[in-house]
Amino acid sequence: MSWRAMAPGDLADVDGIAARLHPNYPEDRRVFAERLRLHPDGCRVLLAAGAWIAGYVLSHPWQLGRPPALNVLIGSIPSPASTYYIHDLALLPEARGSGSATVIVEELIRHARALGLTSLSLIAVNGSTPFWERQGFAVDKAAAATDPTGSYGGDANLMLLRLA
Ligand SMILES: CC(C)(COP(=O)(O)OP(=O)(O)OC[C@H]1O[C@@H](n2cnc3c(N)ncnc32)[C@H](O)[C@@H]1OP(=O)(O)O)[C@@H](O)C(=O)NCCC(=O)NCCS
């Protein structure tokens, strides 16, 4: 399996995976399309053997402690930005356990460093907090709320990785 840059033509597949894996967190395809347009370097798809799309990641520079609410357009990338935000990382069950998720997180960390950012952040859902902890993230205890957006519901955790 390998990651490659996301293209606009991939958005139907991305949308299909999101609908399957995130039924409790529905987002419009235009949200994915906007992130791809605003920060293409942070958007990738995972190709399985046979070149079908088995996962995706959407990410972009953002403001620390102010994650975007679910299913909203963000308009533009802030400048300067104060964190690198992972909007979503999702792999179909058949693509999990291969280390591909770890590979892309490590790549995003390098990308964030290259942009001069000193942290990565995200809202962990679907019980993924232990996965993110293995990647070096910690629940952001300094934040006023586990989900400052109020839009992800009960099991969401705002998580932070500070870069040395
Ligand atoms: C979260 C997700 C991307 C992880 O993918 P994955 O393929 O399991 O990740 P990896 O194989 O790279 O696993 C890395 C490590 O994390 C561990 N891990 C993964 N998910 C875990 C979980 N839910 N709880 C505990 N550990 C977990 C793995 O066992 C592995 O440990 P190891 O390094 O000791 O072998 C995947 O489960 C997924 O797509 N989930 C559905 C979408 C989702 O909820 N995404 C998160 C949105 S915030």
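Which residue in β4 does P61 stand opposite? I looked, and P61 faces Y84.

Ground rules first. I'm working on a predicted model, where local features need pLDDT of at least 70, side-chain atom pairs count only at pLDDT 80 or more, and totals for chains, interfaces and linings use all residues. Residues are numbered from 1 along each chain as its sequence is written, and side-chain values use heavy atoms, leaving out hydrogens and water.

**Sheet.** I traced seven strands in an open sheet, ordered β1-β2-β3-β4-β5-β7-β6, with mixed pairing. Strands here are DSSP E runs of at least two residues, helices are H or I runs of at least four, and both are numbered from the N terminus. Two strands pair if DSSP finds at least two bridges between them. At the edges I found β1 (2–5) and β6 (138–139), each pairing on one side only. I then checked β3 with β4: they pair in the antiparallel sense over eight bridges.

**Core.** Next I looked up the largest nonpolar core, which has 25 residues. That term covers buried Ala, Val, Leu, Ile, Met, Phe, Trp, Tyr and Cys joined through side-chain atoms within 4.5 Å; buried is under 20% relative accessible area with a 1.4 Å probe, protein chains only. I86, L89, L120, W132 and F137 have the most contacts inside this core. Its largest share, six residues, comes from α3.

I followed up on L89, using heavy atoms within 4.5 Å as contact. Not counting residues up to four places away in sequence, L89 touches W3, Y56, V57, A101, I104, V105, F131 and W132. I noted another core apart from the largest one, with 16 residues including V14 and L36.

Notes. Buried means under 20% relative accessible area, exposed over 50%, partly exposed in between (1.4 Å probe, protein chains only).
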